[in-house]
Amino acid sequence: MSWLETLRTGVNGVRSHRLRSFLTVLGILIGIAGVIIAVGLGEGASAQVTSEINSLGSNVLTITPGSSTSSTGVRQALGSASTLTMSDAEALSSPVDVPDIKAVAPITSQSEVLTGGSQTATTSVQGTTASWLSVRGRSVAQGRFIDNQDVHDHTAVGVLGATTASELFSRSDPLGQTVDVNGVPVTIVGVLASSGASTSSTGASNPDDLMIIPITTGAERVFGGSSRNSLSSIAVQARSSADQTGAYQEADHLLLELHGITNPTNADFTITSEQSLIAANTSVDHTLTILLGGIAAISLIVGGIGVMNIMLVSVTERIREIGLRKALGATPRVIRRQFLVEASVLGIIGGILGVVGGILGVIYLPGLIGDPISTSPTAAVGALAIALAIGVLFGVYPASRAAALAPIDALRNE
């Protein structure tokens, strides 16, 4: 029997029991689709977070306050203390003490409700200086950014992120419009260009959902007296990516000295870099992908056991047929090949349907769950290879059992 005839016989064997074959294929289908979607979720999440981290700026270090302790002795989250001041930001701007630092942007931030015309939006209002634009690597799409004169004069002007501008002024030009922020009328003088980060992000995680005002205006008029002397964070830009390590060490050493801290483990601030954030995100996404992939692999194993089960049933049902074929001259090799082909057909059909299901999931699931899913051709090709391997591996034992049957015993079987 030629390979073509063997293939035709195998396909006919699968078609002769359509419902049983479909139920067998279903386990492989679910497993393959699960592998593709799991890999896509991991890659999509990694790409989204990396995009958001990159939107924070190029070669940027972010310095945040340490944690505070409540009156009950409970340790609060990082950033809850008020340990960073404008004096720290000014010291970090000194080219003599920190030669590897190019620019510094002090930041005060609070979540506020903005009212523009008949629309309202809750967003992050950040008080900062003119250097924020270059430190964060952002640009202005309309109007202008705040300048040093605005900071000096405590001017009530603001710049909106693209998302916030769209929410408040979707049908009109935001430039020149007045937005009420905590009872203070702020005139919009500019709109930031979109950062290019995922639009599915919301609130503080969306770099386009914010409002920028002069840091002095925020401290004196918008945020209240509690924010006058403390900063939410300090964004520090190194001169180049090669200078990031030097900038980190210089900033760390200078702040420890300014705060009178001799033991670095007792530092009342934290410095993070793009590389550390991306590394942490990559590690989490890798773990998540392995976890989801492991769950999908269990489905594949269950599907493989289903293939073995159905092939054993098929061998039992066709013992007399096997005996007749052997009596007519079929060798054990031909019999083994026939049943392996049938098992492989089941695996390939499950793999193809699984790939189709996985691609449909990649297309439609993001709209349902709100998270991005990347398409991975490698995962699709690998899934097909796994499906074929499952058909072959789990079909070996039934095929070998069929090939080992003695013709006389098989023909006598009832």
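## A guided tour from the helices to the strands

Helix 10 and helix 11 cross in a right-handed manner, where a crossing is right-handed if the near helix is turned clockwise from the far one by less than a right angle, and left-handed if anticlockwise. To view this crossing, select residues 319-327 for helix 10 and residues 332-369 for helix 11. Their axes lie 10 Å apart, and the two helices pack at an angle of about 140 degrees. Helix 10 is therefore oblique to helix 11. Next, show the side chains that make the contact: E321, I322, R325 and K326 from helix 10, and P332, I335, Q338 and F339 from helix 11.

The model is predicted, so local features need pLDDT of at least 70 and side-chain atom pairs count only at pLDDT 80 or more, whereas totals for chains, interfaces and linings use all residues. Residues are numbered from 1 along each chain as its sequence is written, and side-chain values use heavy atoms, with hydrogens and water left out.

Some conventions apply at every stop. Helices (H or I, at least four residues) and strands (E, at least two) are DSSP runs numbered from the N terminus. Axes are lines fitted to C-alpha atoms, for helices over the stretch in contact, and angles between N-to-C directions run from 0 to 180 degrees. Angles under 35 degrees count as roughly parallel, over 145 as roughly antiparallel, 65 to 115 as roughly perpendicular and the rest as oblique. Contact means heavy atoms within 4.5 Å. Buried means under 20% relative accessible area, exposed over 50% and partly exposed in between (1.4 Å probe, protein chains only).

**The whole chain**

The chain has 13 helices and 12 strands, and 44% of its 414 residues count as buried. Of the contacts in the chain with a separation of 6 or more, 76% are between residues 24 or more positions apart.

**Strand 11**

Now select residues 233-238, which form strand 11. Six of its six residues are buried, so strand 11 is largely enclosed by the rest of the structure. In a regular strand, side chains alternate between the two faces of the sheet. Here S233, A235 and Q237 point one way, and I234, V236 and A238 point the other way.

Which strands pair with strand 11? Strand 1 (residues 60-65) is one partner, antiparallel and joined by four bridges; strand 4 (residues 101-116) is another, also antiparallel, over six bridges. Two strands pair if DSSP finds at least two bridges between them.

Centre the view on S233, which lies in strand 11. At 11% relative accessibility, S233 counts as buried. Opposite S233 stands I107. Leaving out residues up to four places away in sequence, S233 touches T62, I63, T64, L84, A105, P106 and I107.

**Strand 1**

Turn to strand 1, which is largely enclosed by the rest of the structure because five of its six residues are buried. Towards strand 11, V60 stands opposite Q237, and L61 has V236 as its bridge partner. Then select residues 269-273, or strand 12, which pairs with strand 1 in the antiparallel sense over five bridges. The bridge partner of T64 in strand 12 is T270.

**The aromatic pair**

The structure holds one aromatic pair. The ring centres of W132 and F145 are 5.7 Å apart and the planes are at 15 degrees, so the pair is stacked. W132 belongs to helix 4 (residues 132-135), while F145 is 13 residues away in the loop between strand 6 (140-143) and helix 5 (148-153). Both W132 and F145 are buried. Rings of Phe, Tyr and Trp (its six-membered ring) pair if their centres lie within 6.5 Å; planes under 30 degrees apart count as stacked, over 60 as edge-to-face and the rest as tilted.

**Two positive phi angles**

Finish with two loop residues. H154, in the loop between helix 5 and strand 7 (157-160), is not a glycine but has a positive phi of about 55 degrees. At 29% relative accessibility, H154 counts as partly exposed. N182 is in the loop between strand 8 (178-181) and strand 9 (184-192). The phi of N182 is positive, about 55 degrees, although N182 is not a glycine. At 45% relative accessibility, N182 counts as partly exposed.
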